[in-house]
Amino acid sequence: MPTTPLDIEQEFRAILAPASIRAASAADAVCGIQPRFVLEPASEQQLAAVLRLANVAGLTVVPRGGGTKLSWGNPLSRAEVILSTSRLAKIIEHPWADLTVSVEAGCSMQKLQSALAQHGQRLAIDPLWPQQATIGGVLATNDSGSLRLRFGALRDLIIGVTLALPDGTLASSGGKVVKNVAGYDLPKLVTGALGTLAVITRAVFRLHPLPRNTRSLSVSGGNFEEMQRLILAVQDSKLAHTALQTRVAQDAEPAVDILFEGTEAGIAAQEAQLQELAHPASAREAASSVWAASQELWDFTNSAMVAMAKITALPASIAHTMETVQRTTSARKIHWRLAIQATGIGWLRLEGSLENLPASLSDLRFELERSGGSLAVFKHPANMAHLDAWGQSGDALALMRALKNQFDPKKTLNPGRFVGGI
């Protein structure tokens with residue numbers, strides 16, 4: 001058993017190639033904490049072996065893919081080893097006739113989608129920063145996007161997973177076919193767990209065909225209630241829309257975006273029906289870039305005094321949620337913008353002073369939770385007063401802690417990041 005920093009480094013070097021281990025630099029800091037090592041294993045077996053060594057030595061481990069969402073959740077209590085999946089980036093198998101794919105966790109979303117597109121297929125999710133975001137990171141943060149309305153969440157698309165547990169075990173669950181019910185449902189368990197239970201090393205997904213044609217339309221104008229009526233009318237209609245969202249900024253009229261996919265004739269017929277639903281407003285063709293609205297909210301080029309929150313609301317309460325945001329922020333001179341899907345899941349950007357941001361977030365969280373929603377703070381100014389990222393955990397916290405103790409009893413993986421300090 002390694003007992004000193006030199007001992008553990010030598011143990012790591014005995015497993016990894018020289019280029020796969022280095023001292024962490026300032027650029028590797030996580031939540032202001034400077035790790036000691038960055039490990040880049042070239043296989044699942046190497047990853048499991050170095051994870052076991054870190055666990056035995058009492059070193060905390062931060063799994064890292066593209067590094068786009070390392071700040072999400074509460075600040076880590078410790079971070080000594082960065083365990084990178086950058087060398088686990090292969091598309092293992094794509095039996096295209098079965099509409100499935102098996103891919104390593106370090107593969108970027110863009111690389112995977114490009115490979116699938118050669119066979120006219122896609123993984124039907126649109127997460128943030130697809131150029132850098134990796135399969136493992138997208139799963140760990142449950143980042144799906146606007147396509148969730150039509151194709152479901154990641155938990156509906158993942159059918160198999162391989163995990164490295166802190167004790168060095170490589171565990172697999174699920175399979176390579178869509179109709180698979182064998183084994184404990186590890187894929188759904190680790191999706192959204194922020195890397196606190198195990199390190200994802202590979203995943204198997206069900207796929208969907210690429211559409212022949214797409215068209216994005218927007219309906220602008222009106223107030224929040226009129227926007228809500230249109231959203232509900234579209235959802236209650238026979239339209240086969242793929243995505244539906246609302247974009248709104250402080251003191252501005254909301255815009256409702258809708259995405260159609262299919263044949264030109266089919267899209268034209270659906271557009272005509274949408275025009276009837278939207279009357280007296282009109283639907284106009286929009287650029288496909290409207291579906292990047294959530295990602296655009298994360299642009300901090302011109303301001304450091306920004307907080308980003310992921311909110312949820314009942315789909316029938318989207319207008320009420322916007323009114324709540326408007327009312328709560330206006331009193332404290334907070335500027336806000338929001339992109340929210342018809343599912344009731346959205347990203348809220350708040351800009352204001354260090355004195356007013358925490359109070360506004362707390363007030364909004366209270367109002368949303370009282371209405372059956374939630375607010376999770378995933379970015380805020382570094383010197384802002386402390387605010388728990390997650391809010392109320394409900395009655396599931398005891399179960400989540402029991403799972404954490406079962407999978408990671410030494411609290412090796414991402415300690416303190418998840419709900420309730422898990």
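Student: Which helix gives the largest share of the lining of the largest cavity?

Tutor: That is α4, with 5 residues. Keep in mind that this is a predicted model. Besides α4 (135–141), the strands β3 (61–64) and β10 (199–206) each supply at least two residues of that lining.

Student: What volume does the largest cavity have?

Tutor: About 320 Å³. Its lining has 27 residues, and the closest to its centre are Pro-63, Gly-65, Gly-136, Gly-137 and Ala-140. By class, the lining has 13 nonpolar, 11 polar and 3 charged residues.

Student: How many cavities of 30 Å³ or more are there?

Tutor: The count comes to 2. The second largest cavity has a volume of about 60 Å³. Among the residues that line it are Thr-312, His-320, Glu-367 and Gly-373.

Student: And which helices supply that lining?

Tutor: α11 (318–330) and α12 (357–370) each supply at least two residues. The largest share, 3 residues, comes from α11. The lining divides into 3 nonpolar, 8 polar and 1 charged.

Student: Switching to pockets: what is the volume of the largest pocket?

Tutor: The largest pocket has a volume of about 930 Å³. It is lined by 41 residues, and Ile-125, Asp-126, Ser-146, Leu-147 and Trp-291 are the closest to its centre. Elements that give two or more residues to the lining include α3 (109–117), β12 (213–220) and β14 (255–262). α3 gives the most, with 4 residues.

Student: And the second largest pocket, what lies closest to its centre?

Tutor: Arg-155, Gly-192, Trp-390, Phe-418 and Val-419, out of 30 lining residues. This pocket has a volume of about 780 Å³. Its lining has 16 nonpolar, 9 polar and 5 charged residues.

Student: Let's do a helix. How many residues does α9 have?

Tutor: Helix α9 has 15 residues, 264–278. From its first C-alpha to its last, α9 reaches 21 Å, close to the 21 Å expected.

Student: Which residues of α9 are buried?

Tutor: Ile-267, Gln-270, Glu-271, Leu-274 and Ala-278. Seen down the axis of α9, these buried residues fall within an arc of 110°, so they line one face of the helix.

Student: Why would residues three or four places apart point the same way?

Tutor: Because an α-helix has 3.6 residues a turn.

Student: What does the buried face of α9 pack against?

Tutor: The buried residues pack against β12, α8 (224–236), β14 and β15 (283–286). On the other side of α9, Ala-265 and Glu-276 are exposed.

Definitions and conventions: Residues are numbered from 1 along each chain as its sequence is written. This is a predicted model: local features need pLDDT of at least 70, side-chain atom pairs count only at pLDDT 80 or more; totals for chains, interfaces and linings use all residues. Side-chain values use heavy atoms; hydrogens and water are left out. On a 1 Å grid over the protein atoms alone, a cavity is a set of points where a 1.4 Å probe fits but cannot get out, and a pocket is an open set with protein on both sides within 12 Å along at least five of seven lines; lining residues have an atom within 4 Å of a point. Grid points are joined across faces, edges and corners, and a volume is the space filled by probe spheres set on the points. Ala, Val, Leu, Ile, Met, Phe, Trp, Tyr, Cys and Pro count as nonpolar, Asp, Glu, Lys and Arg as charged, and the others, Gly among them, as polar. The expected span of a helix is 1.5 Å times one less than its number of residues. Buried means under 20% relative accessible area, exposed over 50%, partly exposed in between (1.4 Å probe, protein chains only). The arc is that of the directions from the helix axis to the C-beta atoms. Contact means heavy atoms within 4.5 Å.
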